[in-house]
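Subject: A structure to look through

Hello,

Here is the structure that I promised to pass on to you. Please open it beside this message, and then read the notes that follow it.

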Amino acid sequence: YRQITKQSPFDLPKYYIPRTLTHLKAILEAKKYYFPEKEYRTLCDLIVEKQKIVLLGDAGMGKSTELKYLYNELLESKEDYFPVWISLNGHLLSDSLESYLGDLLTIEPERIVMIMDGYDEIPTTDHPQLNRQITNLILNRKDIRIILSSRKNTYDFDSESNTSKHEGFEVYYLNELSLNDIETYFESLGGVTRFSDFERELKRVNFLDVIKNPFYLKTIVELF
């Protein structure tokens with residue numbers, strides 16, 4: 001399960017769509033004041049500014065793909081970051097998170113980016129133990145950079161302060177695909193159908209909002 005020794009980039013979809021994120025507080029403020037303001041920050045930019053991030057999104061929104069893109073970028077960057085990939089559905093709770101660092105224990109913590117994918121993919125009964133492991137990791141290596149992904153319906157945050165239940169983490173949502181994203185993806189496939197015809201048909205069957213999710217976009221385009 002461990003990919004600490006992984007030195008080659010992940011294989012990403014042929015037509016990768018760059019994504020943006022919005023902070024939880026910005027989303028809640030938008031709902032409060034009834035204006036749909038969003039941030040458009042990239043994960044690659046945010047991880048330089050923020051040491052601890054929770055990445056939330058619905059099923060099929062592309063959280064794992066976005067994390068793999070970040071891993072590839074850090075692996076190939078000249079910023080001397082060291083990405084560590086952990087698929088949490090394969091993590092043994094009997095092991096500490098520090099055990100994934102291996103030889104990186106000698107590296108300055110702020111240069112390590114631990115990418116933990118799939119908080120929602122482990123039983124909720126195991127969450128308390130994993131949370132303790134995350135806390136212990138931060139206590140021992142305070143400046144380590146961490147990104148934790150989860151479906152938003154399985155991740156609780158403090159409703160009063162709008163903060164993560166993991167101390168020091170900031171919560172971001174993966175933005176839906178924009179119409180421009182969808183058009184770029186559609187055109188990149190090189191089909192004979194014009195995007196305007198595709199869009200018109202989606203409006204007719206009331207599916208335009210559905211394909212803002214990458215999984216459904218890919219599925220519907222393949223069937224079109």
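A residue is called buried when its relative accessible area is under 20%, exposed when that area is over 50%, and partly exposed in between, with a 1.4 Å probe and protein chains only. Helices (H or I, at least four residues) and strands (E, at least two) are DSSP runs, numbered from the N terminus. With these terms, strand 8 can be described as mostly covered, since four of its five residues are buried.

Please keep in mind that this is a predicted model, in which local features need pLDDT of at least 70 and side-chain atom pairs count only at pLDDT 80 or more, while totals for chains, interfaces and linings use all residues. Residues are numbered from 1 along each chain as its sequence is written, and side-chain values use heavy atoms, with hydrogens and water left out.

The whole chain

The protein chain holds seven helices and eight strands, and buried residues make up 39% of its 224 residues. If contact is taken to mean heavy atoms within 4.5 Å, then 73% of the contacts between residues at least 6 apart in sequence join residues that are at least 24 apart.

Strand 2 (residues 52-57) is largely enclosed by the rest of the structure, because six of its six residues are buried. Lys52, Val54 and Leu56 point one way from strand 2, whereas Ile53, Leu55 and Gly57 point the other way, and all of them are buried.

Two strands are said to pair if DSSP finds at least two bridges between them. Strand 2 pairs in the parallel sense with strand 5 (residues 145-151) over six bridges, and in that pairing Gly57 stands opposite Arg151. Strand 2 also pairs in the parallel sense with strand 8 (residues 170-174), this time over four bridges; here Ile53 stands opposite Glu170, and the bridge partner of Leu55 is Tyr172. Strand 8 pairs with strand 1 (residues 21-23) as well, in the antiparallel sense and over three bridges, and Tyr172 is the bridge partner of His23 in that pairing.

The nonpolar cores

A nonpolar core is a set of buried Ala, Val, Leu, Ile, Met, Phe, Trp, Tyr and Cys residues joined through side-chain atoms within 4.5 Å. The largest one has 28 residues, and those with the most contacts inside it are Met114 and Met116. The elements that give two or more residues to this core are strand 2, strand 3 (82-87), strand 4 (112-117), helix 4, strand 5 and strand 8, and the largest share, four residues, comes from helix 4. A second, separate core of 19 residues includes Met61, Leu70, Trp85 and Leu174.

Leu137 is found in helix 4 (residues 127-140), and Leu137 is buried, with a relative accessible area of 2%. Leaving aside neighbours within four places in sequence, Leu137 is in contact with Leu97, Glu98, Met114, Ile144 and Ile146. The C-alpha atoms of Leu137 and Ser96 are separated by 8.1 Å, although these residues are 41 residues apart along the chain.

Leu88 has its place in the loop between strand 3 and strand 4, and Leu88 is also buried, with a relative accessible area of 2%. Beyond its neighbours within four places in sequence, Leu88 has contacts that include Met116, Tyr119, Ile122 and Leu148. Leu88 and Gly118 are 30 residues apart in sequence, and 5.5 Å apart in space from C-alpha to C-alpha.

An exposed loop residue

Most residues other than glycine have a negative phi. Phi of Asn206, however, is near 60 degrees, a positive value in a residue other than glycine. Asn206 lies in the loop between helix 6 (195-204) and helix 7, where Asn206 is exposed, with a relative accessible area of 66%.

Best wishes
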